[in-house]
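Hello,

I am passing this structure on to you, with some notes on what turned up in it. Have a look at it first, then read on below.

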Amino acid sequence: MVGWRIYLQFERWRVHCPRCRGVYVERLDWLAKNPRYTQRFAMHVGVLCHEMTNKAVAELERLHDSTVKDLDKIYMQKQVARAGLPAPRAIGIDEISIRKGHDYRVVVCDLDRGRPIWVGGRGRLEKDLDGFFDVLGAKKSAAIELAAMDMWKPFRSSLEKNAPNARVVYDKFHIMGHLSDALDEVRRSEYHRHVGKDRTFIKGQRYTLLSRRDNLSRDGKASLRKLLKANKRLNTAYLLKEAFGQLWDYRHEGWARRFFDNWRASLKWQRLKPYERFADMIERHWDGIAAYCKPENKVSLGFVEGLNNKIRVIQRRAYGLRDEEYLRLKVLTCMLPKL
């Protein structure tokens with residue numbers, strides 16, 4: 001802190017092995033993998049990187065950006081090694097986009113421990129999730145009781161093959177995302193159907209319509225009221241979307257089924273084709289949706305969505321991470337305690 005830079009000069013043994021004819025250098029416990037820095041200093045930089053950007057850490061410690069990244073890697077590798085790979089009871093499965101062009105990586109979380117435990121694959125195919133079960137092993141895979149995921153068929157196929165004892169619960173946030181897409185499709189069709197003044201209520205109101213009412217400002221709520229008052233079909237679609245979220249409050253499948261049947265019946269004569277397609281999709285995946293009604297299947301479905309938001313913050317803060325191994329370590333350690 002006083003601006004002094006200290007240099008240590010020490011000797012290390014170099015040993016020649018007559019068997020393999022190689023030369024080996026003595027390894028010292030207090031040195032990091034990068035021999036120019038001590039292990040303690042690497043841990044110090046790793047803690048700073050957990051709270052600050054790499055550029056800020058580099059300026060504070062008068063290091064190069066690449067050196068900060070290397071030392072941060074050493075710190076995170078120790079975090080991952082100490083945490084280990086648990087035998088999860090309930091897992092959450094999702095994917096993240098690492099760059100444009102539909103380039104995805106699969107993220108698997110331990111929902112009981114509240115942390116990601118695996119990042120890998122090269123896309124969203126069945127074989128990509130198979131890689132997680134290969135790392136986990138057959139014994140730990142068979143012990144998985146519950147899996148929360150979206151309605152992506154390759155993921156379910158991999159789960160049924162590798163963890164046949166796991167019950168599937170579909171993530172309500174992805175399902176509500178599909179419903180929001182249906183509402184947005186209704187909004188676009190209404191915009192193209194109207195002309196003149198009637199369009200002015202719809203134009204530029206996508207965010208207002210798709211956001212939760214509680215998240216809107218006073219002006220946003222006023223715009224929403226004006227929009228719903230001016231367009232009957234959008235008003236109906238909006239109310240149906242808000243009502244559908246009640247489905248996850250039921251504790252018995254029979255009551256949940258009755259609610260969905262009534263909700264679907266209310267679509268009759270409404271001319272909401274996107275909603276009818278959404279209802280058909282729910283019907284095809286009903287088993288994984290109704291499973292959440294059972295008390296033993298109650299897990300934090302919001303954790304996976306919250307983790308995705310955290311990963312997006314990590315990517316934005318780093319202006320995109322080109323080193324994929326570095327991104328993988330960032331994801332795996334984002335919920336781990338400091339060393």
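**Aromatic rings and a strand**

One aromatic cluster is formed by Phe244, Trp248, Trp263, Tyr275 and Phe278. Please keep in mind that this is a predicted model, where local features need pLDDT of at least 70, side-chain atom pairs count only at pLDDT 80 or more, and totals for chains, interfaces and linings use all residues. Residues are numbered from 1 along each chain as its sequence is written, and side-chain values use heavy atoms, leaving out hydrogens and water.

Rings of Phe, Tyr and Trp (its six-membered ring) pair if their centres lie within 6.5 Å; planes under 30 degrees apart are stacked, over 60 edge-to-face and the rest tilted. By this rule there are 10 aromatic pairs. One of them, phenylalanine 244 with phenylalanine 278, is edge-to-face, at 5.2 Å centre to centre and 75° between the planes. Phenylalanine 244 belongs to helix 11 (residues 232–244) and phenylalanine 278 to helix 13 (residues 273–284), so this pair ties together parts 34 residues apart in sequence. Helices (H or I, at least four residues) and strands (E, at least two) are DSSP runs, numbered from the N terminus.

Phenylalanine 244 has 0% relative accessibility and counts as buried (under 20% relative accessible area, with a 1.4 Å probe and protein chains only; exposed is over 50%, partly exposed in between).

Now to strand 3 (residues 90–99): 8 of its 10 residues are buried, so it is largely enclosed by the rest of the structure. Strand 3 pairs with strand 4 (residues 103–110) in the antiparallel sense over 8 bridges, while its pairing with strand 6 (residues 146–149) is parallel, over 3 bridges; pairing requires at least two DSSP bridges.

Best wishes
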